Amino acid sequence: MKNKNLWKKVKRFRSIYILLIPVIAYFVVFSYYPLILGIVKSFQKVKLLGNSEFVGIDNYVTVFTGSQYHQAFVNSLIVGGGTFIFQFFWGLIIALVLNEIRNKIARSSFQTVTFIPYLLSWSVVGGLWITILSPTGMINGFLQLFQGSSFTPAAFMAEEKYARFIMIFTGAWKGAGYFAALFMASIVSIDTSLYEAARIDGATRIQQIRYITIPVIVPTMKVVAVLSVMGILRNFDQIFVMMNATISDKVKNLLYLIYEQGILKFNVGEATAAATLVLVATLLITQVVRKLLHYDQIYE
Amino acid sequence: MKRSKLSNNLRGGWAVLFVVLAVITAVIMFLPMWNVIVVGTSSTLDSGSSGLKLWWHEFSLEGFEYVFEVTKLARPFLNSLFVTTVGTVIQVFLAALAGYVLIQKELPFRNAISSFIMLTMMIPGDLTLISVYQLNKQLNLLNSYTGLILNGLISGFSIMMMRNYFQTVPYTLEEAARIDGSGEMGIFVKIYMPISLPGLATVFFMEYVARWNSIMLPATLVTDESLYTLPVMLKAMIMSTESTSGAQVAPNNAIMAAIIITTIPLLLIYIFAQKFLLNGISMGAVKE
């Protein structure tokens, strides 16, 4: 009886199921299959000719003991973590400043100019900063202005000592407006009468910011933190565009190394093992951060 | 009237600090973009000389001539436009369809389908890149428009966004249509789609920007220069200036011109669809 009912329902929704087929098929082929294929390959030695052979955890051992993976992990953490911290505080400053601008035109210009970089491709942002940091670029132009005739232009992109800072700074430059937009989304939900009431009670504007605006953004800060932690180990585009041979020791990160090994050098087993580890690490770190921030309480 | 407004502003040292922060941020954000515009419309000679270039020494479109005649940027531009537009339109359509399925309360196996889709959001595309490359090789999709469109055609994220929009449609509307004799597809097309137009627009513009900017997939799937998308071409231009191989080096004004061309569609979207973009961005963060 029950089965018959179910069958009837299934029949009634028949057209919907048929329409759903492409969606399901897509996910099977382009999401689940690559995931499983990657895990399988990570236990294999892939040969250009003939069948792949099963090698157990050999690839994982190679990744764990390989110094290039250690270096890439350190680079990912420093550049990724640094970018997050810089971007977080810059975004917060932008949002707070934005909320204090009363002039409509000034306000929307400020928001536009800080948000535009987020919309751009890393090809654009990378190309822009590589040119600006080049010997004939804008930064050297400014230095020349201050130093006068004794000036010799620097090739900033070719110096190891600047490399990580450049990646962190340009990452924050691109993303600060995005964080600010997220913070603004909660700031605009504040009832303006709250500020008014605080003012009547004698609170100064900075006290209102401290005790009204900032507490409202705290849940968004947690969301932003969780989102960013997931992305820290997975920054490909920026390094792909901005890295060059002279600075690769300082900035080549895990995702780029995986790409290099798997796509350019055909070390498929090793690369998929590393990718699987990054996937697991990302999930673990995210869980830890969620717990630390009591994240799941936000949307209860 | 003005005074009462002003009295709730920052004062003293704090006001100075905020103004300073605002000015520094605005300058750091704006100057690089301004520099792009000036250098991109300067002569090749000027753009390659040292010194500050924040105003035109001589206005010139040499950079644009270079990117169209030497780099042949028209092709990548059209490639990007085609791949992005087709991919995004299909994505929005399928996301709406799947989102609608997920709000059918009586649909058998709804929860299973929903989990199946949600789980794909946990699979990061950048980490399965190598297998995705091999999959495309197996399917003969490398170096093809089909491959560029097909990869990333549907995302769990846009499906969830559409579902959330559909959930806000009052059930009574659906019921009324049902009484009038509309079938499932009729209800979907006549009731849900029109009400959820802002949702469709949000998904469309979010996806359009993401696809337009994507580098990793096209750079992996395409080696044939005639199929390069704009970001891949731009990256190749930037790289050639660093190589010492003697390959044709693009002058600064040409690179900046290419940057301007790549950016224009995004600026148009920002100007005309800002509301949807900002909306989608905050929704995306909250739903995560």
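Predicted model: local features only at pLDDT ≥ 70, side-chain atom pairs only at ≥ 80, totals over all residues.
Chain A comprises 14 helices and two strands. Its radius of gyration is 25 Å, well over the 19 Å that the globule rule gives for 300 residues, so chain A is more spread out than a compact globule. Taken along the principal axes, the C-alpha atoms of chain A fill a box of roughly 70 × 70 × 35 Å.

Chain B, for its part, has 15 helices and zero strands. For chain B the radius of gyration is 24 Å, whereas a compact globule of 288 residues would have a value near 19 Å. The C-alpha trace of chain B spans about 75 × 70 × 35 Å along its principal axes. Buried residues account for 41% of the 288 residues in chain B, and residues 24 or more positions apart provide 68% of the contacts in chain B with a separation of 6 or more.

The contact between the chains draws 76 residues from chain A and 74 residues from chain B. On the side of chain A that touches chain B, helix H2 (residues 14-41) of chain A gives the most, with 16 residues. Classified by residue type, this side of chain A holds 53 nonpolar, 16 polar and seven charged residues.

Two packed helices are described by the angle between their axes and the distance between the axes. The axes of helix H13 (residues 254-264) of chain A and helix H14 (residues 268-292) of chain A come within 8 Å and cross at roughly 155°. Because angles over 145 degrees count as roughly antiparallel, this crossing makes H13(A) roughly antiparallel to H14(A). The passage of H13(A) across H14(A) is a left-handed crossing. On the H13(A) side, the residues involved are A:Leu254, A:Ile258, A:Gln261 and A:Gly262, and these meet A:Val268, A:Glu270, A:Ala271, A:Thr272, A:Ala274, A:Ala275 and A:Val278 in H14(A). By class, the contact of H13(A) with H14(A) is made up of seven nonpolar, three polar and one charged residues.

How values were computed: Residues numbered from 1 in each chain as written. Chains lettered and ligands numbered in written order. Axes fitted to C-alpha atoms, helices over the stretch in contact; angles between N-to-C directions. Helix = DSSP H or I, 4+ residues; strand = E, 2+ residues; numbered from the N terminus. Parallel < 35°, antiparallel > 145°, perpendicular 65-115°, else oblique. Left-handed = near helix turned anticlockwise from the far one by under 90°. Contact = placed C-beta atoms within 7 Å. Nonpolar A, V, L, I, M, F, W, Y, C, P; charged D, E, K, R; others polar. Rg over C-alpha atoms; globule rule 2.2 N^0.38 Å. Buried ≥ 20, exposed ≤ 12 C-beta atoms within 10 Å, placed from the backbone.
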